[in-house]
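Student: Could you walk me through a protein model that I have open? I would like to take the strands step by step.

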Amino acid sequence: WGTTVAIDNVPGVGGAVGVQRLSKAAPDGYTLNFCGNGALTILPTLQNKPLYDVHKDIAPIGMVLAMPSILAVNNDIPVKTVQEFIAYAKQNPGKINYASQGNGSVSHIGTEIFKQHTGTELVHVPYKGSGQAIQDVLAGQVQVFITTPPSVMGHVQNGKLKALAVTTPQRMKSMPQIPTVAESGLPGFSYTLWGGLFAPAGTPTAVIDSLNKEVNAILATPEIKSRLDGDNVSVPKNTPAEFADYVKAEAVKFEKLVKDANLKAE
């Protein structure tokens, strides 16, 4: 971009503090935020007083990545497929624990979506991140973890965990033998983790369009595309308007999910 870019990793409330900071920044195109669906379409639906209005306080520039989650289970669970797991869970209601990176996290909500689709009763065990969650899944203290490929693929490849399915409509390029949840007997099931770039609301359209053009060009370079492909990350090209429509649709979907499941922020 012909200028220095300073990256400020802002912790707090699953990324919501960073989005809040963006919403109060000058709308000149010099303060941007990269965040995912957790902070934008999940957390606000859980909070009584959201820190920002996703539809009014920020301006979508473009989606940068989309990736699957993996339904991984401890080796002690006597199943090899999603259907076998569903049957086992129904035979043992309330006896199977699932891990998440915390209340309202993408792994929490992803598993709740799975529960709603399957009518299973799994017990939520929230952690403060993936590290300890993975260790407890390996040890069998919790039995299930729906999480990102980098978190579990090493353990799947060395046989310490079983990957039953991926949550996106398409299989992963790196491990195409793992089926999707949809083709495992739950047609229509889809849960994609995504992230994108945003500016403060009121940023001039010309600035938003210019940034979108640059982002799409960068994502199309062989170097970046190769690195993202290696992590099973797709790089969908999109306009600001298309991304805005996608964010709105995701917000509506998760608002209904949270309401139906009666989930609350802790």
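This is a predicted model: local features need pLDDT of at least 70, side-chain atom pairs count only at pLDDT 80 or more; totals for chains, interfaces and linings use all residues.

Student: What is the order of the strands in the open sheet?

Tutor: The five strands run in the order β5-β4-β6-β3-β7, with mixed pairing; strands are DSSP runs of E of at least two residues, helices are runs of H or I of at least four, and both are numbered from the N terminus. Two strands pair if DSSP finds at least two bridges between them.

Student: And which are the edge strands?

Tutor: They are β5 and β7 (161-166), each of which pairs on one side only.

Student: How many bridges link β4 and β5?

Tutor: Five bridges join β4 (residues 96-100) to β5 (residues 122-126) in the parallel sense, and Ser-100 stands opposite Pro-126 in β5.

Student: What about β4 and β6?

Tutor: Those strands are also parallel, with two bridges between β4 and β6 (residues 144-147), and Ala-99 stands opposite Phe-145.

Student: New topic: which residues make the nonpolar surface patch?

Tutor: Trp-1, Val-5, Ile-7 and Ile-218 make this patch of about 450 Å². Patch residues have over 30% relative accessible area and no salt bridge, and nonpolar side chains are joined within 5 Å; the areas come from the Shrake-Rupley method with a 1.4 Å probe, and a salt bridge is a side-chain nitrogen of Lys or Arg within 4 Å of a carboxyl oxygen of Asp or Glu.

Note on methods
Residues are numbered from 1 along each chain as its sequence is written. Side-chain values use heavy atoms; hydrogens and water are left out. Patches are made of residues with over 30% relative accessible area and no salt bridge: like charges are joined within 9 Å, nonpolar side chains (Val, Leu, Ile, Met, Phe, Trp, Tyr) within 5 Å.
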